[in-house]
There are 2 protein chains.
Amino acid sequence: MSTLGLDSDSLALAGLCSSVPMVMKVGTMTKKQSQSGTIESVASALEKAIHEHRLPPGSKLGEDDLAEIYGVSRTQIRAALQALSHLKLVEHKRNRGAFVAQPTLREAREVFEARALLEPRTAHSAAARCTPEDVEKLRAHIEAEHAALAAGDNGRALHLSGLFHIEIARIADQETIAAFIAQLVSRSSLIIALYWRRRMAICESHAHDALIAALAAHDGPQAEELMKSHLLDLVSSLDLRNQVSAPGSLREALT
Amino acid sequence: MSTLGLDSDSLALAGLCSSVPMVMKVGTMTKKQSQSGTIESVASALEKAIHEHRLPPGSKLGEDDLAEIYGVSRTQIRAALQALSHLKLVEHKRNRGAFVAQPTLREAREVFEARALLEPRTAHSAAARCTPEDVEKLRAHIEAEHAALAAGDNGRALHLSGLFHIEIARIADQETIAAFIAQLVSRSSLIIALYWRRRMAICESHAHDALIAALAAHDGPQAEELMKSHLLDLVSSLDLRNQVSAPGSLREALT
DNA sequence: GAATTCAATATTGCATACAATCATGTCGAC
DNA sequence: GTCGACATGATTGTATGCAATATTGAATTC
């Protein structure tokens, strides 16, 4: 039985899962679709599930379970897990399997230092290149984010909030930096799952609104400053002080 | 027959290759060492060969060839190639195989923009934390680089020059940023192979010497400035103007 | 003679089968 | 009653074999 958070119900929610080719498992003579985007599909589905905190840090990602859930072979699951492992989203323990990564306190600090280094100046660049279409796209993101929040789906809101940051890097027309930021945003999602202190409300909406305004006005310095303070706000909503162990990792620490 | 630049001779040069476990291929009943670092070993060996320009951009990396060269199974070769693919060092073409990546002009510019964003401020941080042992290590790097240059081994010198930059990020105690820089340095090696104009001499030695001095003196602003100008020098030694095709990619473009 | 089609070969993509390793639960000894 | 050793089960790591696809060469036709 699957101990994953990915039962048939959440599978339907995953969105991208629907693009996983339907393999008619009637034996070995069936012509499979060989749609060949399976690895990326599985990786995307898992990534999304992790972003939305349906798979909390530390979750075991058994190969057989995933293979059965997605209806593909273990080989492709392994490839997808390996890809996510390179993004630091899953950790591989030798002969033990793959687990959703649990960033340490140190990693958490490093991730946000890297974001502080990359994102403000990227936002600056984006302001110069931002087109009306880009602004429209960003507004759509915000809107969807608000809708998700209103619906109480915090996970989805967080996911969309991450996409917002990645979109800004894309507007700056820097694919390489955008890839880095995408990775950092993904890891941030894990960090938030581990170190977020509930007392603090995530009032990102305002920050994002102001950012859009600055971008639309092509005000580079303002966008840079807003992004910087936005990231600082985000960090201050986390509990990154030294502590004996991260919440939830206790179980892992005592084995 | 192998069309790779990795005959038995260059195999011996690869250094890390010696850590590839010796599989006694006497059939299937032989107990292999199962040293289990094979994938990393192969990936490192390939990475080094690419850094040192023994495998120029566009080289075909046939799985069977590599499997025979390193005496391991195709499975591990595939895993190693996949890892390098995530570092953007090799490109996978569907049903065609793996090739040493050929960064486009656009990618080349992006890589150096990312470096310009990351490295100067990382050098700044490194200056504050730099210990005498770190300085010694950096000097050793420089020395080896000079030795390689004197021996006419430009490839090795380039490789060491890259390690120098990564070492600085490590001194800054930022593993996450160091990983990004490592990737960018690797890709820079490919970019140099494609777009370097021979007229320009690579006078990095001086820049590196000055950088060490600034780091040793804990002069953050100076280190930041030196790194910035060093990167600019490096870019100016490249030919990143628009052109019909990169040198060497002609063959590929006409197939 | 040149071009196009078709067959043959080589190479990758994929899945399955086996081997190795780790976790768990039981039995026995102290 | 508790601790330790062992056997069993489950899960990952690895290799090999087959199927699918691209490339190469030859033969045929215009």
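A base nitrogen of DNA strand C sits 2.9 Å from an N or O atom in the side chain of Thr75(A). This is a predicted model, where local features need pLDDT of at least 70, side-chain atom pairs count only at pLDDT 80 or more, and totals for chains, interfaces and linings use all residues. Residues are numbered from 1 along each chain as its sequence is written, chains are lettered from A and ligands numbered from 1 in the order in which they are written, and side-chain values use heavy atoms, with hydrogens and water left out.

**Exercise 1.** Find which part of DNA strand C a polar side-chain atom of Ser73(A) lies 3.4 Å from.

*Solution.* 
- Step 1: recall that a polar contact is a pair of N or O atoms within 3.5 Å.
- Step 2: α4 of chain A, with α3 (63-70) and α4 (74-86) of chain B, each give two or more residues to the surface near DNA strand C. Helices are DSSP runs of H or I, at least four residues; strands are runs of E, at least two.

**Exercise 2.** Work out the strand order of the open sheet in chain A.

*Solution.* 
- Step 1: the order is β1-β3-β2, with antiparallel pairing. Strands pair if DSSP finds at least two bridges between them.
- Step 2: β1 (60-61) and β2 (90-93) of chain A are edge strands with a single partner strand each, so one side of each lacks a neighbour in the sheet.
- Step 3: β1(A) and β3 (residues 97-100) of chain A share two bridges. Lys60(A) has Phe99(A) as its bridge partner in β3(A).

Terms used
Polar contact = N/O pair within 3.5 Å; in protein donor to acceptor, adjacent residues only side chain to side chain.
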